[in-house]
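Visitor: I am new to this structure and would like to learn how to read its features one at a time. Could you show it to me and begin with what lies inside?

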Amino acid sequence: RKATVYLQPSKIESFGLAVAEALSFGIPCVVADTGGLPEVVSEKCSILVAPDDVSGYVSALSELLGNKKLLKRMSLEALNRHTEMLSIESWQTRMTQTLQLQ
């Protein structure tokens, strides 16, 4: 809850529950562009980096931590992303819509 940025430099990741949890607290993420992570985040609330690009992670973290306006904007977008895509309420809405189509 007190983190400023969440970093997940995974080489293999199916979903990224910890990333979803970070977003729920309004924490922007710097994550590997692999597996399911790009589906969990958006470019508005996170920065995607190639899995083995150490300098890319450093650059992304420096950019976020050095720019308070960007950090604030991405923090608000993280909350929005969670509410719109990852919250229980959004899941229930999508499931209801899916089941009504059948």
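Guide: A nonpolar core is a set of buried Ala, Val, Leu, Ile, Met, Phe, Trp, Tyr and Cys residues joined through side-chain atoms within 4.5 Å, where buried means under 20% relative accessible area, exposed over 50%, and partly exposed in between (1.4 Å probe, protein chains only). This is a predicted model, in which local features need pLDDT of at least 70 and side-chain atom pairs count only at pLDDT 80 or more, while totals for chains, interfaces and linings use all residues. Residues are numbered from 1 along each chain as its sequence is written, and side-chain values use heavy atoms, with hydrogens and water left out.

Visitor: Which residues of the largest nonpolar core touch the most other members?

Guide: Of its 23 residues, these are Val19, Leu23, Val30, Ile47 and Leu64. At least two residues of this core come from each of helix H1 (17-24), S2, H2, strand S3 (46-49), helix H3 (54-65) and helix H4 (68-86); helices (H or I, at least four residues) and strands (E, at least two) are DSSP runs, numbered from the N terminus.

Visitor: What is Val19 in contact with, leaving aside its neighbours within four places in sequence?

Guide: Contact means heavy atoms within 4.5 Å, and on that reading Val19 meets Tyr6, Gln8, Cys29, Val31, Leu37, Val40 and Val41.

Visitor: Is Asp33 buried, exposed or partly exposed?

Guide: Asp33 is partly exposed, because its relative accessible area is 44%. Asp33 sits in the loop between strand S2 (29-32) and helix H2 (37-40), and, leaving aside its neighbours within four places in sequence, Asp33 is in contact with Pro38, Leu48, Val49 and Pro51.
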